[in-house]
Amino acid sequence: ALSGIAREFRSPPFRGDGGLARLSADVKKIRQMGYRSNKSCGFHVHVDAIDLKDVDLVALNRFGTWIQDDIFKLVATSRTDNQYCQKLSDRIDSGDRYMWMNIKPSWQKHRTVEFRLHHGITMPDRATEWVKVCLSIIEKGLRLGYQLRRPAGATMDLLGLTKFQKDYWTAVSKALHGAQCIRS
């Protein structure tokens, strides 16, 4: 907030690498305007899911339950017990949109999957790297979530993150959680 003034910023839909560059530029501009986030802020990402079917949503939910303990280690502890980004349950039809990954309610209303977990940020690199994590969750969830058991491997490996991304998120997690950080 700037001088105690609360603001919400919404972007148009971004696509591809050009969209990530635009997101980075927009977040940089917001920061240059003097805005900062606090514990009450969130950074929500909607990913297009127009072509998904109910079975795909179930697979995403299953994958999300497998990785959520580690994904929570990538964000501030203020999000851990936050009523607006709860952990997923095995039941996708609960109708609760206040899950860290809002699957069915967001899909029914907007044909998107909404990621509500990340704390508010005004750092362009963090914003773009988080969007990449969200996209990886969708991609890998649609590939691995149909299995009945979690595949072996660390979460960052399951997500197919690059060495740079693993190092980046390990450093972020360590800064936020110390010894309780995510393991790559």
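Predicted model: local features only at pLDDT ≥ 70, side-chain atom pairs only at ≥ 80, totals over all residues.

Biologist: Which way do strand 2 and strand 3 run, and how many bridges join them?

Modeller: Strand 3 covers residues 112-115. Strand 2 and strand 3 run antiparallel, and the number of bridges joining them is two.

Biologist: What is the strand order of the open sheet?

Modeller: The sheet has three strands, paired in antiparallel fashion. Its edge strands, each pairing on one side only, are strand 1 (45-48) and strand 2 (101-102).

Biologist: How many of the 21 residues of helix 4 are buried?

Modeller: A residue counts as buried when its relative accessible area is under 20%. Helix 4 is largely enclosed by the rest of the structure, because the number of its residues that are buried is 15 of the 21.

Biologist: How far apart are the end C-alpha atoms of helix 4?

Modeller: Take 1.5 Å a residue: the 21 residues should then span 30 Å. The model agrees with that, as the end C-alpha atoms are apart by 30 Å.

Biologist: Which residue forms a salt bridge with Lys132?

Modeller: Look in helix 4, three residues away from Lys132, which is about one turn of the helix. Residues three or four places apart point the same way, because an α-helix has 3.6 residues a turn. The closest N and O atoms of the pair are 3.2 Å apart, and the partner is Glu129.

Biologist: Is Glu129 buried or exposed?

Modeller: The cut-off for buried is under 20% relative accessible area. Lys132, at 30%, is partly exposed. Glu129 has 7%, so Glu129 is buried.

Biologist: And Glu114 and Arg116: are they buried or exposed?

Modeller: Their side chains meet in a salt bridge, 3.2 Å from N to O. As for Glu114 and Arg116 themselves, both are buried.

Biologist: How many salt bridges does the structure hold?

Modeller: Besides those pairs, Asp70 forms one with Lys73, at 3.8 Å between the closest N and O atoms. Glu139, Lys140 and Arg143 are linked in a network of salt bridges. The total for the structure is ten.

Terms used
Residues numbered from 1 in each chain as written. Heavy atoms only, no water. Pairing = 2+ DSSP bridges. Helix = DSSP H or I, 4+ residues; strand = E, 2+ residues; numbered from the N terminus. Salt bridge = Lys/Arg side-chain N within 4 Å of Asp/Glu carboxyl O. Buried < 20%, exposed > 50% of the residue type's maximum accessible area, 1.4 Å probe, protein only. Expected span 1.5 Å × (residues − 1).
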